[in-house]
Amino acid sequence: MIEDLILKLRKEIIDQLQLEGISPEEVDPEAPLFGEGGLGLDSIDVLEIVVLLDKNYGIKIRASKEGPKIFYSVKSIAEYILDQQKK
Amino acid sequence: MELLITRHMKLQKRRVWLNGAVEYLSEAGSVDQLFRDMYRHYDIDYPKFFKMDNLCKLAFLSTEILLRGTILLGKYPGEEVAIILENASSSLEYDQKHVESIRDRNKYFPSPSLFVYTIPNIMVAEIAIRHKVKGEHAVFILEQFDPGLIYHYVSELFRNQQVSCCLAGWVESYGDHYQSFLFVIEEEDKIRAFKGLQEYVIFDTVNTEKLFKGKSI
């Protein structure tokens, strides 16, 4: 189930962040989204992903200190979504 | 102290002029396609470009073309380089897109990446980030290009010794209409060593307007 969600998330993130020339398959689910070696996202991109989670999954990120852990990678976002959906 | 226009470019109607000569001509059918084609033609590697609004894309591409192959800004500390621009439509296109995106209160998801482009000064920020410019900057919203305002404002910056170099001009974008005219202003005594390599233009209102209109000096 998490594999399906990761696949969906990769496409949604590329669309939402208008990442040119990157296919969903090229996004390593476990690679860091920010900084060196990742997709090189910035602070505006974080806000876009926050909006994406709210719009597509009804999940609101309230505690900003959780951000770095939740948004570390596509996989960590997927795990957070599944965790929230259980509650 | 004489101020000189040491480099200038213009982009309109799918043509690019650099220092008065046409150097790029496109057959693109839309503004989006034109900017995409230019990005590839000039071999630019800056993925953030694709997230910009058209005003920023125009300002970014124009600056890339203007400074391409030069170490122009590298000659000066970032704090001594200014960016002074004018345009007519401000960021109206993205202001309208933002308003449209939040019209439905039941689907209220304002986009941060849309909202960030709802001020025209963001085009200066995009140029400044790319070229490490940290000096004075301003964007004036006017009905049409005003070379006199730019001349007096920029001259004052040099007179007060606030800047050593200035990137100035007109960057206008709304819908299918786009037009940019950018130029670099430097002090004559600081570029003396390079004199003779190319023809420079004395920076004044008349010459600036002539360059904007494509007339010979």
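The model here is a predicted one. Is B:Glu86 buried or exposed? It counts as buried, because 23 C-beta neighbours fall inside 10 Å of B:Glu86, and the threshold for a buried residue is 20 or more. If you set aside the neighbours within four places in sequence, B:Glu86 is in contact with B:Phe140, B:Leu142, B:Phe145, B:Asp146, B:Ile150 and B:Trp170. For a sense of distance across the chain, look from B:Glu86 to B:Ile217: these two residues are 131 residues apart along the chain, and their C-alpha atoms are separated by 22 Å.

Now find B:Gln12, 165 residues away from B:His177 along the chain. The C-alpha atoms of B:His177 and B:Gln12 are separated by 8.6 Å.

Staying in chain B, turn to helix α1, which covers residues 31–41. Which residues of this helix are buried? They are B:Leu34, B:Phe35 and B:Met38. These residues lie on the same side of α1(B), because the arc they cover around the axis is only 95°. The other side of α1(B) carries B:Asp32 and B:Arg40, both exposed. Part of the cover over the buried residues of α1(B) comes from α2 of chain B, residues 54–67. Just after α1(B) comes B:Asp43, whose phi is positive, at about 55°.

Helix α2(B) leads us on to another partner, helix α5 of chain B, made of residues 122–131. The axes of α2(B) and α5(B) come within 8 Å and cross at roughly 40°. That angle makes α2(B) oblique to α5(B), since the roughly parallel class is kept for angles under 35 degrees. The crossing of α2(B) past α5(B) is right-handed. On the α2(B) side, the residues that meet α5(B) are B:Leu55, B:Cys56, B:Ala59, B:Phe60, B:Thr63 and B:Leu67. Facing them from α5(B) are B:Ile122, B:Met123, B:Glu126, B:Ile127, B:Arg130 and B:His131. Sorted by class, this contact of α2(B) with α5(B) has eight nonpolar, two polar and two charged residues.

Finally, let us bring the chains together. How many residues does each chain give to the contact between chain A and chain B? Eight residues come from chain B and eight residues from chain A. On chain B, the side that touches chain A has five nonpolar, two polar and one charged residues.

How values were computed. Residues numbered from 1 in each chain as written. Chains lettered and ligands numbered in written order. Predicted model: local features only at pLDDT ≥ 70, side-chain atom pairs only at ≥ 80, totals over all residues. Contact = placed C-beta atoms within 7 Å. Nonpolar A, V, L, I, M, F, W, Y, C, P; charged D, E, K, R; others polar. Buried ≥ 20, exposed ≤ 12 C-beta atoms within 10 Å, placed from the backbone. Helix = DSSP H or I, 4+ residues; strand = E, 2+ residues; numbered from the N terminus. Arc of directions from axis to C-beta. Axes fitted to C-alpha atoms, helices over the stretch in contact; angles between N-to-C directions. Parallel < 35°, antiparallel > 145°, perpendicular 65-115°, else oblique. Left-handed = near helix turned anticlockwise from the far one by under 90°.
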